[in-house]
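Here is a set of questions and answers for a first look. Keep the sequence and the view side by side.

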Amino acid sequence: MPYAHRPVLLAEVLHFLDPQPGEIFVDATVGGGGHSAAILPRLLPGGRLIGLDRDAEAINAARESLAPFGAAVELIQANFKDLVRVLQSRGFRAVDGLLFDLGVSSYQLDNPERGFSYQAEATLDMRMGREQELTAATIVNTWPESKLAQIIWEYGEERWARRIAAFIAAARQKAPITTTTQLVDIIKAAIPAGARRSGHHPAKRTFQALRIAINGELDALQAAMEQLQQVLNPGGRVGVISFHSLEDRIVKRTFQRLSGQCTCPPGLPVCICGRRRVLEPVTRKPVTPAATEIAANPRARSAKLRVARRVLKEKDGE
């Protein structure tokens, strides 16, 4: 199927990241190239954009959509947790702009072959990079019940995690669970009828948890956030679009820590925590989509954008 993914918060990304001619930007989740296609004209003349994605299908789609920009674009299949290593291997020490658009793309959700959606019949897969071996089917059919309950609770924030894990464990004793619809039916059976009648689709949180576990999403995000100090030039901007509280919490805490907020107990005569000011917030609160964008693209409704800028001098924060 054609690779289609509508970039969220596009106007806000351009405003706060403010790409300028001659700058070097990284789109760490290039997808089909939606954000990159809007950023690139502002980098010219003389600028470059490096697009990363762990999904080979996304890289192929971006290569086609960004072809008009020629040598100003370099696309690399890679996980953004390896950001510094990938950039250094291409001769870049630091960049002026960095964008992360987290989570699963519309293409991945809508393509039944990928097994991400709880609304379509598909093989249980959910891999963002098809080169890896671990799939949703492996987790559902082989992981201990206690571990299933843990990831559904921690990554899905699902109140019925233990009950869902128990129902999965019982079902797989009879036959392997191989499709998304099989799993959805098990989840629905596990959640009491009253709880199913309100809120989101009953399988949403469990599918989110499995996807995060399979792809190591939170660990990768944490690893990438730890590299901001190395990868941003003085004055460089970083923007992160997240779609659930687990992602946003990691970004928020990283920005707070790198902004030099003291963590010493109250009452100490001098600071001993040693925090340095590396970033300064550009957005004081997360930026969310306007009602018009949500009406045009309902999947944007949970998006939050946080932006920070690398300070020019760490000592005084100039």
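The questions and answers below concern a predicted model.

Q: How do the axes of H8 and H9 lie, roughly parallel or oblique?
A: H8 covers residues 161-174 and H9 covers residues 180-190. Their axes come within 9 Å and cross at roughly 130 degrees. Angles over 145 degrees would count as roughly antiparallel, and 65 to 115 as roughly perpendicular. The angle therefore makes H8, relative to H9, oblique.

Q: How many nonpolar residues are in the contact of H8 with H9?
A: H8 brings Arg163, Ile164, Phe167, Ile168 and Ala171 to this contact, and H9 brings Leu183, Ile186, Ile187, Ala189 and Ala190. By class, no residue there is polar and 1 is charged. The nonpolar count is 9.

Q: Is the crossing of H7 and H8 left-handed or right-handed?
A: The axes of H7 and H8 come within 8 Å and cross at roughly 140 degrees. The two helices are therefore oblique to each other. Their crossing is right-handed.

Q: How many charged residues are in the contact of H7 with H8?
A: On the H7 side are Glu145, Leu148, Ala149, Ile152 and Trp153. On the H8 side are residues including Arg162, Ile164, Ala165 and Arg172. By class, 10 residues of this contact are nonpolar and none is polar. The charged residues number 3.

Q: How does H7 lie to H11, oblique or roughly perpendicular?
A: H7 spans residues 145-156 and H11 spans residues 204-215. Their axes come within 8 Å and cross at roughly 100 degrees. Angles of 65 to 115 degrees count as roughly perpendicular. H7 to H11 is therefore roughly perpendicular.

Q: How many polar residues are in the contact of H7 with H11?
A: H7 contributes Ile151, Ile152, Tyr155 and Gly156. H11 contributes residues including Thr206, Gln208, Leu210 and Ile212. By class, 7 residues are nonpolar and 1 is charged. The polar ones number 3.

Q: Is Ile139 buried or exposed?
A: Ile139 is found in helix H6, residues 136-142. Beyond its neighbours within four places in sequence, Ile139 is in contact with Leu134, Leu148, Ile151, Arg172, Leu210, Ala213 and Ile214. Buried means under 20% relative accessible area. At 0%, Ile139 therefore counts as buried.

Q: Is Phe16 buried or partly exposed?
A: Phe16 has its place in helix H1. The cut-off for buried is under 20% relative accessible area. At 23%, Phe16 therefore counts as partly exposed.

Q: How far is Phe16 from Gly239, C-alpha to C-alpha?
A: Along the chain, Phe16 and Gly239 are 223 residues apart.

Q: How many residues does the largest nonpolar core have?
A: Among the residues with the most contacts inside this core are Val26, Leu98 and Phe255. Elements that give two or more residues to this core include S1, S4, S5 and H14. Apart from it lies another core, of 30 residues, with Leu148 and Val184 among them. The largest core has 35 residues.

Q: Which residues of H2 are buried?
A: H2 runs over residues 34-43. Its buried residues pack against helix H1 and strands S1, S2, S3, S4 and S5. The buried residues are His35, Ser36, Ala38, Ile39, Leu40 and Leu43.

How values were computed: Residues are numbered from 1 along each chain as its sequence is written. This is a predicted model: local features need pLDDT of at least 70, side-chain atom pairs count only at pLDDT 80 or more; totals for chains, interfaces and linings use all residues. Side-chain values use heavy atoms; hydrogens and water are left out. Buried means under 20% relative accessible area, exposed over 50%, partly exposed in between (1.4 Å probe, protein chains only). Helices (H or I, at least four residues) and strands (E, at least two) are DSSP runs, numbered from the N terminus. Contact means heavy atoms within 4.5 Å. Axes are lines fitted to C-alpha atoms, for helices over the stretch in contact, and angles run from 0 to 180 degrees between N-to-C directions. Angles under 35 degrees count as roughly parallel, over 145 as roughly antiparallel, 65 to 115 as roughly perpendicular and the rest as oblique. Ala, Val, Leu, Ile, Met, Phe, Trp, Tyr, Cys and Pro count as nonpolar, Asp, Glu, Lys and Arg as charged, and the others, Gly among them, as polar. A nonpolar core is a set of buried Ala, Val, Leu, Ile, Met, Phe, Trp, Tyr and Cys residues joined through side-chain atoms within 4.5 Å. A crossing is left-handed if the near helix is turned anticlockwise from the far one by less than a right angle, and right-handed if clockwise.
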